[in-house]
Structure formats: C-alpha cells, structure tokens
Amino acid sequence: MAKKVLIVVTNHTEIHAGKPTGIWLSEFAEAYMGFTNQGYEILVASPLGGKAPVDPGSVDENTLKEILDAEKYLENTTKLDEVSAEGFNAIFLPGGHGTMYDLPDNQALQKLLRDFYEADKIVAAVCHGPAGLVGATLSSGQPLVAGKRVNAFTDREEADTTLDKHLPFLLESKLRDLGAIYVAAPNWTSHYEVDGNLITGQNPQSTVAVTQAVIAKLG
C-alpha cells in the first residue's frame, strides 16, 4: 500500500491593500515532489477548497521549471471539512504568509491535526506552515505544541521581510506563548526539529530537510 500524505495549504490572498500573499510555491512544490518521488499518494486540501493562491513573491525568473509546474496541483484543492485523517500517514503544512490568516482558527484543521497526532501519525510543517498548529489542542485541552521542540519562521526573519507590523501575530512569539520549546537557527539557514512525530522547519530553505525527515519517519 502506498503511503498517503495530506498537504494543507492556505486560500488567503492579501496581507494589506496592494500586498498579495498566498502559498510560498517552493515549499509546496519541493514537498510535493519529494513525496511523489517516493511513490506516495498526495491529497491537497485548503480551508475553502478550489484554487489555492501562490504568493507572487515566491516566483521569479530564476524559479526552476519543476517548481513552477507544481502550481497545477493547486488548481482544485479539496475542502478541509471533507477530509478525515483516516487512511493518511502524515499531514504536511507548507508556508507562505497566507497561512497566518486562515489556518490558525480553522476548526476542521484543528480536528485533523489532533486526530493525526493522537493516532501517532506524522504532523509536519515548514516556515509559516506552523501557523496552522497554533490553534491545535490535544484531547486533554493542552496545546499540541506545548512542551515540544519546534521550529518555524523566526521573529528576526519576519523583521527582515518588513511585514512583521502588518501580520496578525508573530509566529515564533506565538509558539513560545503556547509553551513550545522554540529552537531557532541563524536567519535563512536550513533548520528543522523532530520531536516524536512532530516535524517543523524554519524557512523556505528548510523544506527539503523537513520533507526528507518525514520520508525517513515513514520508512
């Protein structure tokens, strides 16, 4: 039986007037390609379903064709509340600033994350993808990330983007507030943390490492 991975992406398109956002395409594409190269089956889901937006800032004239080609898998995503954890081996949340808006409070995602984690399945996220973890609680009521070693886009990296003052919250600070053991690496370097079945990475540079860590766990 092929392993199955659920990739959850954002539908949110704007940080403020004139500043579009969405999915950071390389984070989605590198994970998608890494998993499919292993023969895994992939389902891509989002809060609203349908077409999921790519952050225009994540592509330029130097973006590899194989990254650009992955955008076609975002054309018709499945709505999150139509998905269950059953049959999947892992859930993966790529980033892009859009995740900061529509993933934290999404109840369907919160239930999925709890179901995956409590069934000893892998929960993985990279860059701003861990924004999807901030609203997730276990059956005990404890935040999913509490007491866990995690990594995500740092407050210093956010300051580098100059978008920090426009966002609903800062991801590193929020994770720390929830009781996570946040482990930061220097800005824009590849870094990830594995704490049991929770795998999180810091920035776009960390996507391949997180993907490989998921693959290693799945055997």
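A salt bridge is a side-chain nitrogen of Lys or Arg within 4 Å of a carboxyl oxygen of Asp or Glu. The close-up views below show a predicted model.

**Figure 1. The salt bridge between D69 and K65 in helix 2.** The closest N and O atoms of D69 and K65 are 2.8 Å apart, which is within the 4 Å limit. Both residues belong to helix 2 (residues 65–69), and because they are 4 residues apart there, about one helical turn separates them. K65 is exposed, with a relative accessible area of 61%, whereas D69 is partly exposed at 31%. By the rule stated above, the count comes to 6 salt bridges.

**Figure 2. A salt-bridge network of R149, E193 and D195.** R149 and E193 meet through their side chains at 3.0 Å, N to O. E193 counts as buried, with a relative accessibility of 9%, while R149 is partly exposed at 34%. R149 also forms a salt bridge with D195, where the closest N and O atoms are 3.9 Å apart. D195 lies in strand 10 and R149 in strand 8, so the pair joins parts 46 residues apart in sequence. Through shared partners, the salt bridges connect R149, E193 and D195 in one network.

**Figure 3. The aromatic pair F28 and Y32 in helix 1.** Searching the whole structure gives 6 aromatic pairs. In the pair of F28 and Y32, the ring centres are 5.5 Å apart and the planes make an angle of 45 degrees, so the arrangement is tilted. Helix 1 (residues 25–36) holds both residues, which are 4 residues apart, or about one turn of the helix. F28 and Y32 are both buried. Together with Y73, F28 and Y32 form one aromatic cluster.

**Figure 4. The edge-to-face pair of F35 and F92.** The ring centres of F35 and F92 are separated by 5.8 Å, with 80 degrees between the planes. F35 is in helix 1 and F92 in strand 6 (residues 90–93); the two are 57 residues apart, and their pair links distant parts of the chain. Both F35 and F92 are buried.

**Figure 5. Lysine side chains over phenylalanine rings, at F116 and at F169.** At F116, the charged end of K121 sits over the ring, 5.7 Å from the ring centre. At F169, K174 lies over the face of the ring, and the distance to the ring centre is 5.2 Å.

**Figure 6. The largest pocket and its lining.** The volume of the largest pocket is about 190 Å³. It is lined by 14 residues, of which W24, D55, H97, T161 and L163 are the closest to the pocket centre. Sorted by class, the lining consists of 6 nonpolar, 5 polar and 3 charged residues.

Terms used: Residues are numbered from 1 along each chain as its sequence is written. This is a predicted model: local features need pLDDT of at least 70, side-chain atom pairs count only at pLDDT 80 or more; totals for chains, interfaces and linings use all residues. Side-chain values use heavy atoms; hydrogens and water are left out. Rings of Phe, Tyr and Trp (its six-membered ring) pair if their centres lie within 6.5 Å; planes under 30 degrees apart count as stacked, over 60 as edge-to-face and the rest as tilted. Buried means under 20% relative accessible area, exposed over 50%, partly exposed in between (1.4 Å probe, protein chains only). A charge sits over a ring if NZ of Lys or CZ of Arg is within 6 Å of the ring centre and within 35 degrees of the ring normal. On a 1 Å grid over the protein atoms alone, a cavity is a set of points where a 1.4 Å probe fits but cannot get out, and a pocket is an open set with protein on both sides within 12 Å along at least five of seven lines; lining residues have an atom within 4 Å of a point. Grid points are joined across faces, edges and corners, and a volume is the space filled by probe spheres set on the points. Ala, Val, Leu, Ile, Met, Phe, Trp, Tyr, Cys and Pro count as nonpolar, Asp, Glu, Lys and Arg as charged, and the others, Gly among them, as polar.
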